[in-house]
Amino acid sequence: MDPGMNQLLKWSIENSENPHNDLTATTDPKAERPSGHGLNEEAIRSLMGGPSDADLMKSSMAAIQSPDISLDNKLVAFDNFEQLIETVDNANNLENLALWTPLVAELSSAEAGIRRMAAWCIGTAVQNNTKTQERALAVNALPLLVQLALEDPDDQVRRKAIYALSSEIRNYPPALKVMMHHLPEDLRPGGLVNAADMDDVDKVMDGIKRASAKVTK
C-alpha cells in the first residue's frame with residue numbers, strides 16, 4: 001500500500017475510535033471539527049488524489065535524464081529532487097525506486113550544474129543515515145566524488161563533492177576506507193583515522209579542501 005494511504009487509513013481508524021472527535025457526542029456549539037493533525041503532506045496528497053513523494057522523485061529523475069528537457073528545467077527538477085530527499089524516508093526510498101544508479105551517473109554529466117546538483121543530492125541523502133551511506137558506497141559513488149572534489153574545473157562542483165564525501169564518511173568506516181584508497185598519497189594521514197571522531201574526519205576533509213582550492217580552471 002502507498003505509504004501516504006497507509007497513514008491516512010491509520011489516521012481514519014484512530015479518529016473514528018476517539019469519542020472526543022465525534023461532533024454528536026457534545027452539545028458544545030464551539031466544538032471544533034476534527035483536524036488533519038497527524039497527517040503528513042504525502043497522506044494529504046493521497047487523499048486528494050495527488051502524486052506521492054515517490055511519484056515526484058521518479059518524475060524529477062525522468063526530467064533530469066530526458067534529452068527533451070532544457071538545462072534550466074533539469075536544474076529545477078534536480079532542486080525539487082534534493083528537497084524531497086531531505087526527509088529520511090524519501091532518502092531511504094531511493095533504493096526501492098532504483099534511483100541511486102541514475103543519480104550517481106549524473107556525476108559524470110558534461111554540464112557543471114548537473115554535476116553540482118548530483119553531488120549535492122548525494123550529500124543530502126547520506127547525511128547521518130547509515131542505510132543510504134551503504135547504498136552510495138555500493139553504487140561506487142566515492143571514486144567519482146573524489147575525482148570531482150580534486151579535479152573538477154568548476155568550484156561549486158568541487159564544493160558539493162566535498163560536502164558529499166564529508167557526509168558519506170562520517171560515522172561510516174567502510175566509506176572512509178574506500179575514500180582514503182582513492183585519495184592521492186599526500187592527502188592520506190599517516191596514522192589511523194577514526195570515522196567516529198569528528199576531529200579526525202575534519203582533518204582529512206581540510207586537506208581535501210586545501211587541495212581542491214588549488215585547482216585551476
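This is a predicted model: local features need pLDDT of at least 70, side-chain atom pairs count only at pLDDT 80 or more; totals for chains, interfaces and linings use all residues.
## Overall fold

Let's start with the whole chain. The protein chain contains twelve helices and zero strands, and reading along its sequence gives the pattern α-α-α-α-α-α-α-α-α-α-α-α.

Of its 217 residues, 42% count as buried.

In soluble globular proteins, nonpolar side chains tend to be buried together. Here, the largest nonpolar core has 55 residues, and the members that touch the most others are Phe-81, Trp-100, Ile-122 and Met-179. Helix H7 (residues 112-126) is the biggest giver to this core, supplying eight residues.

Setting aside neighbours within four places in sequence, Met-179 is in contact with Leu-142, Val-146, Leu-165, Ile-169, Val-204, Met-205 and Ile-208.

## Where H9 meets H10

Now turn to helix H9 (residues 141-151) and helix H10 (residues 155-169), whose axes come within 8 Å and cross at roughly 140 degrees. Because of that angle, H9 counts as oblique to H10. The crossing of the two helices is left-handed.

On the H9 side, the contact is made by Leu-142, Leu-145, Val-146, Leu-148 and Ala-149, while H10 brings Val-157, Arg-158, Ala-161, Ile-162, Ala-164, Leu-165 and Glu-168. Sorted by class, this contact of H9 with H10 has ten nonpolar residues, two charged ones and no polar ones. Leu-142, Val-146 and Leu-165 belong to this contact, and they are also among the residues in contact with Met-179.

Definitions and conventions:
Residues are numbered from 1 along each chain as its sequence is written. Side-chain values use heavy atoms; hydrogens and water are left out. A nonpolar core is a set of buried Ala, Val, Leu, Ile, Met, Phe, Trp, Tyr and Cys residues joined through side-chain atoms within 4.5 Å. Buried means under 20% relative accessible area, exposed over 50%, partly exposed in between (1.4 Å probe, protein chains only). Helices (H or I, at least four residues) and strands (E, at least two) are DSSP runs, numbered from the N terminus. Contact means heavy atoms within 4.5 Å. Axes are lines fitted to C-alpha atoms, for helices over the stretch in contact, and angles run from 0 to 180 degrees between N-to-C directions. Angles under 35 degrees count as roughly parallel, over 145 as roughly antiparallel, 65 to 115 as roughly perpendicular and the rest as oblique. A crossing is left-handed if the near helix is turned anticlockwise from the far one by less than a right angle, and right-handed if clockwise. Ala, Val, Leu, Ile, Met, Phe, Trp, Tyr, Cys and Pro count as nonpolar, Asp, Glu, Lys and Arg as charged, and the others, Gly among them, as polar.
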